[in-house]
Amino acid sequence: MPHWPAYADVPAALQYLKRFFKLVILSNADRPSLAASGLWRGGAPTRSQLDFELNAADAGQFLARVGYPDLVKGGKTRFRGSLGWNGDPALIDYASLNGSLQLESSSGQFLEIEPGIGKLISLMSLQSLPRRITLDFRDVFSKGFGFDDINAAAQVESGVMKVKD
């Protein structure tokens with residue numbers, strides 16, 4: 001193949017695009033889905049931004065697939081966030097890392113809970129009151145700690161995450 005010279009405007013266009021590089025990833029293999037978009041701004045200083053949303057119909061199966069088995073059973077989950085930092089996308093600068101994270105999960109069970117205190121919390125939880133009224137004590141007699149809903153929000157400032165909820 002002969003050498004093909006670039007059009008005269010290509011180097012300038014690539015330099016412009018380098019300032020605002022955007023990456024979009026979509027995946028839905030085996031029910032979990034991940035949607036993400038990123039922004040990489042060149043120049044001085046460079047800046048990276050990542051916005052993402054992960055949805056899993058079964059958080060336990062998803063966690064097992066990514067190397068964390070036997071932590072959760074079930075649990076329909078949505079995890080989303082927006083994070084930004086100075087530097088390249090592959091080199092997170094934790095000192096400048098800022099953003100927010102949200103987690104919503106329902107109808108699951110933590111499997112690695114200490115039997116004594118975990119069962120006591122499960123019995124006393126106001127969240128489990130509707131289950132107790134229907135005489136549903138499955139989580140008390142099985143391994144772990146059942147949950148109906150978990151909602152959490154966190155803020156990241158200068159690399160330090162603070163959970164708000």
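Val66 is partly exposed, with 46% relative accessible area. In this predicted model, Val66 sits in the loop that runs between helix 2 (59–65) and strand 4 (72–86). Together with Tyr68 and Leu71, Val66 makes a nonpolar surface patch of about 290 Å². Patch membership requires over 30% relative accessible area, so Val66, at 46%, passes that cut-off.

The largest nonpolar core has eight residues: Ala36, Phe52, Leu83, Trp85, Leu97, Leu101, Ala154 and Val156. Strand 4 and strand 6 (145–157) are the elements that each give two or more residues to this core. Phe52 is one of the core residues. Beyond four places away in sequence, Phe52 touches Leu34, Ala35, Ala36, Phe79, Arg80, Gly81, Leu83 and Leu101.

Charged pairs were then considered. Side chains of opposite charge can pair when their charged atoms come close. The structure holds three salt bridges. Arg78 pairs with Glu53 at 3.3 Å, N to O. This pair links distant parts of the chain, with Arg78 in strand 4 and Glu53 in strand 3 (residues 47–56), 25 residues apart. Both are partly exposed, Arg78 at 27% relative accessibility and Glu53 at 27%.

Arg78 also forms a salt bridge with Glu104, with the closest N and O atoms 3.8 Å apart. Arg78 is in strand 4 and Glu104 in strand 5 (residues 98–110), so this pair ties together parts 26 residues apart in sequence. Glu104 is partly exposed, at 28%. Arg80 meets Glu104 in a salt bridge at 3.5 Å, N to O. Here strand 4 is again linked to strand 5, across 24 residues. Through shared partners, Glu53, Arg78, Arg80 and Glu104 form one salt-bridge network.

Terms used
Residues numbered from 1 in each chain as written. Predicted model: local features only at pLDDT ≥ 70, side-chain atom pairs only at ≥ 80, totals over all residues. Heavy atoms only, no water. Patch = residues over 30% accessible without salt bridge, like charges linked within 9 Å, V, L, I, M, F, W, Y side chains within 5 Å. Areas by Shrake-Rupley, 256 points an atom, 1.4 Å probe, with all protein chains shown as cover. Salt bridge = Lys/Arg side-chain N within 4 Å of Asp/Glu carboxyl O. Helix = DSSP H or I, 4+ residues; strand = E, 2+ residues; numbered from the N terminus. Buried < 20%, exposed > 50% of the residue type's maximum accessible area, 1.4 Å probe, protein only. Core = buried A, V, L, I, M, F, W, Y, C linked by side-chain atoms within 4.5 Å. Contact = heavy atoms within 4.5 Å.
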